[in-house]
Amino acid sequence: MSVLKPPAEPDTGAPAVCVCLTTLTKRADFLRAAQALRQGTPGIHLQARKRAPGEASGIRVGYTCSKKVGNAVARNRAKRRLRDVARLVLPEQGRDGWDYVLVGRHDVTASLPFDALVADLRRALRKIHA
């Protein structure tokens, strides 16, 4: 029987979850973001709002897909892709003190190539913050 040994050196890779993003959970936050700045792209609709001073810190992000996107399986797949795109792009290009809501698009968010979704979010953020 073999004996399992710990790794020789600790894993110094990136954390599995980005610590700088907080998820929006309250309906009121989603409604406030819906009334603020908007930018549409072929794969993602982005809503963004600068928070009032002292309201919260860091970058907050929410994800939503309506029933137009499809059944529960399609909506969940689209939201998973939106979460992955946000993890990649928002720590670099998002701004502290802002709320972002990523809205999935019908038949596009789930089927568009991942690189195109990343490019769409980057383009939308550039336009929002211009």
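**Exercise 1. Helix H3**

Work out how far helix H3 reaches and which of its residues are buried.

*Solution.* 
Step 1. In this predicted model, helix H3 covers residues 114-128. That is 15 residues, with 21 Å from the first C-alpha to the last. The expected span at 1.5 Å a residue is 21 Å, and H3 comes close to it.
Step 2. Pick out the buried positions. They are Leu117, Val118, Asp120, Leu121, Ala124, Leu125 and Ile128.
Step 3. Look down the axis of H3. The buried residues fall within an arc of 160°, so they line one face of the helix.
Step 4. Recall the helix geometry. An α-helix has 3.6 residues a turn, so residues three or four places apart point the same way.
Step 5. Turn to the other side of H3. Asp115 and Arg126 are exposed there.

**Exercise 2. What H3 packs against**

Find the elements that the buried residues of H3 pack against, then describe how H2 and H3 cross.

*Solution.* 
Step 1. List the partners. The buried residues of H3 pack against strands S2 (37-40), S3 (44-50) and S5 (98-104), and against helix H2 (72-93).
Step 2. Two packed helices are described by the angle between their axes and the distance between the axes.
Step 3. Apply them. The axes of H2 and H3 come within 10 Å and cross at roughly 45°.
Step 4. Classify the angle. H2 and H3 are therefore oblique to each other. The crossing of H2 past H3 is right-handed.
Step 5. Name the residues that meet. From H2, they are Arg81, Asp84, Val85, Ala86, Leu88, Val89, Leu90, Glu92 and Gln93. From H3, they are Phe114, Leu117, Val118, Leu121, Arg122 and Leu125.

**Exercise 3. Threonine 23 and arginine 60**

*Solution.* 
Step 1. Threonine 23 lies in strand S1 (residues 21-23). Arginine 60 lies in strand S4 (residues 59-64).
Step 2. Check accessibility. Arginine 60 has a relative accessible area of 13%, so it is buried, the cut-off being under 20%. Threonine 23, at 47%, is partly exposed.
Step 3. List the neighbours of arginine 60. Leaving out residues up to four places away in sequence, it touches Thr22, Leu24, Asp29, Arg49, Arg51, Glu55, Trp98, Asp99 and Tyr100.

**Exercise 4. Two loop residues**

Locate arginine 95 and aspartate 107, and classify the exposure of each.

*Solution.* 
Step 1. Arginine 95 sits in the loop between H2 and S5. Its relative accessible area is 40%, so it is partly exposed.
Step 2. Find its contacts. Beyond four places in sequence, arginine 95 touches Ile59, Tyr100 and His129. Histidine 129 is 34 residues away in sequence, and the C-alpha atoms are 8.8 Å apart.
Step 3. Aspartate 107 sits in the loop between S5 and H3. At 53% relative accessibility, aspartate 107 counts as exposed.
Step 4. Check the backbone. Most residues other than glycine have a negative phi. Aspartate 107 is not a glycine, yet its phi is positive, about 60°.

Notes: Residues are numbered from 1 along each chain as its sequence is written. This is a predicted model: local features need pLDDT of at least 70, side-chain atom pairs count only at pLDDT 80 or more; totals for chains, interfaces and linings use all residues. Side-chain values use heavy atoms; hydrogens and water are left out. Helices (H or I, at least four residues) and strands (E, at least two) are DSSP runs, numbered from the N terminus. Buried means under 20% relative accessible area, exposed over 50%, partly exposed in between (1.4 Å probe, protein chains only). The expected span of a helix is 1.5 Å times one less than its number of residues. The arc is that of the directions from the helix axis to the C-beta atoms. Contact means heavy atoms within 4.5 Å. Axes are lines fitted to C-alpha atoms, for helices over the stretch in contact, and angles run from 0 to 180 degrees between N-to-C directions. Angles under 35 degrees count as roughly parallel, over 145 as roughly antiparallel, 65 to 115 as roughly perpendicular and the rest as oblique. A crossing is left-handed if the near helix is turned anticlockwise from the far one by less than a right angle, and right-handed if clockwise.
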